[in-house]
Every structure is written in structure tokens, then in C-alpha cells.
Amino acid sequence: MNALIVAGLLLVLLGLAYQSGWSRSRGLVTADGVKIHSRPQYHGSFVAIWAMVPTLVILGLWAWFGGGITRDYTVSLIPTDIMMSLDQVGLNAAIARIGALASGYGVTGESPAWEQAAGDALRSFQMLTFVGVLVLALVAGGAALVYARSRIDARLRARNAVERVINLALLACSAVAILTTVGIVASLVTEAFRFFTFIHPFDFFFGTVWNPNNAGSAGNWGSYGLLPLLSGTLMITAIAMLVAVPVGLMAAIYLSQYAPAQLRAVAKPMIEILAGIPTIVFGFFALVTVGPFLRDLGNLIGLSINATSALTAGIVMGIMIIPFVSSLSDDILNQVPRTLRDGAYGLGATQSETIRNVLLPAALPGIVGAFLLAVSRAIGETMIVVLAAGNAPVLRGNPFEPVATITVSIVNQLTGDTDFTGPQSLVGFALGLTLFVITLGLNIVALYIVRRFREQYE
Amino acid sequence: MTDTLSTTRQASLERTQRIRAGLRRRHLGETIFRGLGLAAIVLALGFVALLFVDVVRKGVPAFTQSNLHLAVNFDPEVVKVDPAPVRDAFASQAEYTAASLKWQRDVALLNWNKVVEASLRAAAPADFEIDSRQILSIAETDARHDIREMFVADPSLLGQTVEVDVLASANAANWIKGNIDRSLGDAQQQLSAPARALIDQFVDNGTISNGFAWSIFTNVDSRAAPASAGLLGAFVGTIWMMLIVIILAVPIGVAAAVYLEEFAPRSRWTDLIEVNINNLAAVPSIVFGLLGAAVFINYMHLPISAPIVGGLVLTLMTLPTIIIATRGALQGVSPALRQAALGMGASRTQMVFHHVLPVTFPSILTATIIGVAQALGETAPLLLIGMKAFVASVPLTPLDQATALPVQIYLWQGNENRNFFEPRTAAAIMVLLAVMILLNGVAIYLRSRLEKRA
């Protein structure tokens, strides 16, 4: 309700300011041919921006500090003798009750007289401050409007001013990317640091037992060794790469070198459909189809394969990565200059010999870069392993057994619980930081290789 | 003389043969290599086909549901309640509200299971031996709520008999669809022997019939009544999140790309932003979930399990995709267009906003749709911000508790009632994939249509 009123008034002010700037600059144009520097819509925007800035600043300040001021006022409404008897939790509850009384939704149960009085006082306070702040903001906006309007004359460079503001807004938008990174790093590092005040970093990075005591009390938190998770992650990634690299690379070679145009036009988008399928779907597919199939296959040839195992998750993750490998390899193969290929043909090489002995070596660094990017994807993948890897954080080397990965443990430690007071949930951030650093490192190396290789022939 | 000739001929013949043999070997290698490439394509396409066929095969049964056609008798002996209060001219609004609330409370306290049971017994053969718990296990547990709602909406039904369709229970549906091995003994069956026999009779006499399961689309998730669990809540939650992503990610992403491509001075600061965006695009999605949990929920105290937090997290994830795609599109605009605009006296800003951006509009639009489609399928970060909580209502605002389509899939696949929920999960996946294919189709259509015109 309040937000709607504010938004409505802001729109009115905006329209008013634009219109007044626009009409005033129109008035400048006279029959004797005074030339104005900027077109009327720039003058309108100029005045509108002038009017908006102080209004938004005041409203923003209130949004930021208003809550604290209201809270202080509410606390001052509580009688001293009652105040003495309240602890922190009780105080918060009292503030919430007074707030509920003031908003008119009422509270359950009887409320003492002082609470009623405090609720009434808070209501009038809220009303007063809301109207006060709004009036202040509108007056400031109006004053700015009048001032900006008075500055309009034929030589005012309104367009340049407006464009400067647009530029600033664009800059602010691109700063969001930086802020996101800062937010990721800051939240991961601070929470991971808090985790390391509970558990020694050495025990975390080199511990071989992962057994968080989720119901544990202080002092009995369980063990948080990273190595079982890391080994599970690496095992699944290795299996995924064993599937994705040959299939993806051969598919790229076939599509870019051999396939007739019609086949290419059909097969390429078909393979890329794989890239658009949500990972939860792959996870379900792995769990209900691939896992049981592998188990039955294992029974047939006398191997004991678990339905949820590193193998299941790895194979399906490999399928997921195929289009990633194939489209990157395709790009890189196409960038090898024609002259190299024609040279090989000129010497009498067959097509496959040219590919194996000329194209692939020439494209090798780029392909390695593509593989590294694929590896970093596999390491960070979550839903497939959550569903199909079996979640057994034990250090072992058998791919037919269940394993756990870093991402699975993050999900397990953090789902539903955002009370970051114990290592049970804080460990999620330490794991996230590890994951972030590993994937970031891989990405940087991969991008460096890919980019360097691309420049080679340009 | 002839000797030497024949030796040279011999030698050349041998050489030819050696070359032929070599060629044969090389051509065999060629064929094998080519075959391997084709095999890779077939394998990859086979995976796509297998996945789709498998999901559809598993999901299709969930689109039929078993309905019970019952003649429900609102017997005054069972529905013992005063007549509903009527609004008369003399009573005040408050009195009327109090009276009607009391009446609704009375209605709610009645044992509606008896009504359901009586109508089931009426449909069963006359001397069929079955106790009330067993016979009630045939109908969905929320059938009594439906019947009560009917009565509250129309109190004049008292004493009448009406035809009502209610859902059969999940166990009954499993039995009818043959998901359960019928030869198993009583101990391993969910339903008792008389109940199973009665279900078969109901199927024979037409009391139970199968129809299209509209309830999947019109109901919210349910734990007590699995047969009526639907996707509506998750769907609306997803729509809220997508709206937030579109409202925030598209303008910010396009603006950032425009700044970096058109205005930014080549400085260390802009290099930093550029490297950053490339890295952000490759950060695992679950890390964004950690960011959301720490910053939006723990620090800013935004509501947990709410689409607004999910939307913000997905926005941050989608931004790099949109920025990178928009930059690509901007780089593709021919310099002639820019120079012509500048030459006619446009300022840089006018050139960008009046000439360059409109030309790139189709590419930006398609990139946006593809980015949104990616965000739509994202699950892992949503788990960390509490969106896997069970929610049995439609979120009316972005601040309400909600879940999303992919998370609903995750929840359903983890349900204990597996043989009932596996088809449901596959059906939900079909809905999700249909939405994704639709979005991608729209993107492809727009690209082909708009780019031709430009």
C-alpha cells in the first residue's frame, strides 16, 4: 500500500518535471529563429532527472535508516520497569507485538494496557514519519524541479548532461558483475574463515574422514576431512571425461569434416539439445534408467555394480558434457587455416590422415583448453551427483561403489538450514570456497590456452 | 637385355603392389576413422533419443487418473447439522459472520468419511464384506474435503443424492494401472485383499474410470493425498522467478554490455570487469546458491523459500550469459552504420540507442530467451535457499513460500511412495522439457524471422 502510494507520487512528479522542462524549452523557440542547443525531450529529461535525484536520496535514506529509528522509538515506548525484566529475545518479541498492534492485525491473547498504548503511539508515529518523509521528499524534488527549470535557456547543454547520467547508469549496471564476484568471494571467505575457527584447516584439507555430526552439540562436531569428497569428485569427473572426450571430439570431427550439409544441419542442433536439458532431468534419467541398467549389466557379466555409483553419475555427466566438448572442438577445428589442410591433401594424404596428423596437432592446445573447461563443469555439477552418485563419503577407488562429491556435501550440509552458527552448516562455505578456487583455476588456465591458441593464426 | 627389362618391370610391379597394399591399408584406416566419427554422432543422438523416449514412456501413465463416480447421499442422519444461517435484515453483519463461522465449524467437525464410505458401499455389490478402513482406502483421502466443500457451497444438498467424481487413491491407481505385481501376497500389498477385489469390481461395473489427469495442472503439491498432487504451485513459483529474472537481468545485462562495448575506456578497470564476467559465466551454479544463502537470506533477511530470493540468485547467474551474448551482437554491427549515424550529427548515445541497439534487437532477444530457459532448469542453487521446503499453496506474491518446477521434480523423485511418484516425476519432467523446448523454439523462430528483416 505505502509502496504503491510512493511509486504513484514518484510517477506524478516524474511526469510533471518532464512536461515542464519540455514545454519551457518549446517556449524558447521563437519566430525570429533562436536556436536551442538540445531538443525539447532532452530538456524534459534534464528537469526530470534533477527532480528525481533529491527525492530518491531522501526516500533511500529513510529506507536505510527508517527501520532503526522506528525500532529505537518502539523501545522508548516500553516502560522502564518492564524493560528491566526483558532479555534480548523478550525485547524482540515485545517489539514485534507492539508492531502488530500498530499495524492493526492485532495479537493473539490479551495485551496489557501499556502495550495497547505503545501500539497506538507507534501507529501515529509511523503515520507521521511516513507523511513527513514523503512531504520532505516531494518538497525537495519540487525545489529541484523549479531550479532545473529556471536553468533552461537556449544555450543549456541539456543533452550532454542527460547523456552523462545515462553513461553513469550504464557503468553502474556493469559494476553489478563486479559486485557479484565481490559478494561471492566475501561470503565464501568470511564464512569459511568462521568454519576454520572451529576446525583446523589442516584437518579439513588433509582429513580422510568425512563424518559431520549434524545433531552434535558444542565440542562434538564430527570430522570434516575433504579428501573423500575430493576423490569422489575427481573419480566422477574422470569417468565423465572418458565418456565425453572421445564421443564429443569424434562427433565434432565428423560434423566439421565429413558430414554432408543436411546431416550437419540436423545433427548439430540435435546434439546441442543435450546442453539445454536441465541437469535434474539427467539426474532422474541416471537414477531410474542408467543405474538399474548398469546394475543388471554387472550381474550379467559377474560384476557387482551399485545402481547409484560413481560409474552411473560419471557416465550420465559425460553425456551431459558431450555437446560442450563437441561445439568447442568444432569451433577450434574450423579455425585451423585452410592452407594447412590443403597442403596435406596436396602431399597425397587421405582425409583421416590429414585430420590425425595435421588438424588435430594444430588444434591441440585449443582442444586441451576445451577439455579443461569441460572438467571444471563436471567438477561443479550438482544435481546428477546428488541423485545418482549414492552419497557415500568414503575414501575408496572402486567406481562401482557409491561415492560423495563436494557439491553433494554442500547440498546436504546447507539444505533448509541457514543458521550459520556451527561448523555443520559453515562447512558448506569452506567446500564452496574449495570448489570455487578449483574451477576458477581451471577456467583461467583453459581460457588462457584457448585465447593464446586463437591468436596464433590470426 | 630382356632380363633387365623384366627385373625393372618386376620391381615396378612390386612397387605398385606395395603402394596398392599401402593404399588399401590407408583407405581402411580412413573408413574406420570415418565410421568412428559416425558412431560418435549416432551415440550422441542415441542418448538424446533414449532420454526423451525413456522420460515419455515413464511419464505418460501419470497423465491418466482413476476417477470414482459416486452417488453421494447427504443423509441427514450422518450430516447432522443445523440449517445454514440466513442473512436476515435485523441481524448485524458481525452476528451473521459469527453465526456462519460457527456453522462452518460444525460442518467441519462432522465425520465426512462416513458419507464417502456410504457412497462407496452403495456402489459395491450388496453383500460385499469389507470394513470401513479398507473401503476408504480406495478413495483419495481428500475426497471428504471435496464433498464437504460442496456442501458448504450449497447447503440445500442436505437429504439429496448427487453424482460426484472423486479421485481414487494412489494405491488404487497403482493397482488399476498394473504398477504392482498382482501375484504378491497380502503382506506385501499396500491394499487389503477385499479392497483389491472391490477395485476390480468397480473397474468392471464402471464406477472407476480413467480420464486425463487435469489435476496435475490444476492442483498444488500434496503429501496426504498423493493422487491429487499437482504442479500448479511449482509452476507459479517458477513464473514469479522468471519474471524477476526478466525484469532485472535483461535491462542490467544489456546496459552493462552496451557500456563495456560502446562507452568504456580501455582501462584496467574495464579489463577487470571483462575478466570478471567471463569467470562468472563459468562459476558452478551451486556457488550462486551459497551467495544467496549468505547474502540475501542471512545478511539481508529476505524471506526464506521465497521466489524473490530465487529470482535474484538466478538473475545473477543469468547476467553473464546475457552480457556476453549482447556484446557479441554489438560487435557484429557493421561500422558503416555507426559512422553514418555519427556523420549525421548524432551523439554517441544517440548512435547507440537509436541505431545500433535496434539492429541487434533480435540477437539480444534470442540470447535472453535462451538465458531464461537455462535459469528455468536450474535446481542446485534453489535447494540452498530453502526452496525445497514442502509448500501446498499457490504463491500469490514473490514474497510467499514457493517451490519451482525443477525442485518439484527433485522432491517428487525422493518421495517414499516411489511406484506412484516415479511416473509423476517423469510427467513433471515432460512439462519442464515442454516449456524449455517451447522457449527455445520461440527463440529460433524470432531469430529467423527478425534477422531476415533487419
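The model is predicted: local features need pLDDT of at least 70, side-chain atom pairs count only at pLDDT 80 or more, and totals for chains, interfaces and linings use all residues. Residues are numbered from 1 along each chain as its sequence is written, chains are lettered from A and ligands numbered from 1 in the order written, and side-chain values use heavy atoms, without hydrogens and water.

Q: What radius of gyration does chain A have, against a compact globule of 458 residues?
A: The radius is taken over C-alpha atoms, and the globule rule is 2.2 Å times the number of residues to the power 0.38. The C-alpha atoms fill a box of roughly 85 × 80 × 40 Å along the principal axes. A compact globule of 458 residues would come near 23 Å, but chain A has 33 Å.

Q: Which percentage of the residues of chain A counts as buried?
A: Buried means under 20% relative accessible area, exposed over 50%, partly exposed in between (1.4 Å probe, protein chains only). Of the 458 residues of chain A, the buried share is 47%.

Q: Is A:E163 buried or exposed?
A: A:E163 sits in helix α6 (residues 158–198) of chain A. Its relative accessibility is 11%, so A:E163 counts as buried.

Q: How many aromatic pairs does a search of the whole structure find?
A: Rings of Phe, Tyr and Trp (its six-membered ring) pair if their centres lie within 6.5 Å; planes under 30 degrees apart count as stacked, over 60 as edge-to-face and the rest as tilted. Over all chains, the search finds 22.

Q: How many residues apart in sequence are the parts that B:F74 and B:F151 tie together?
A: B:F74 and B:F151 form a stacked pair, 5.8 Å centre to centre with 20° between the planes. B:F74 is buried at 0% relative accessibility, and B:F151 is buried at 1%. B:F74 lies in the loop between β1 (64–73) and α2 (93–109) of chain B and B:F151 in helix α5 (residues 143–153) of chain B, so the parts tied together are 77 residues apart.

Definitions and conventions
Helix = DSSP H or I, 4+ residues; strand = E, 2+ residues; numbered from the N terminus.
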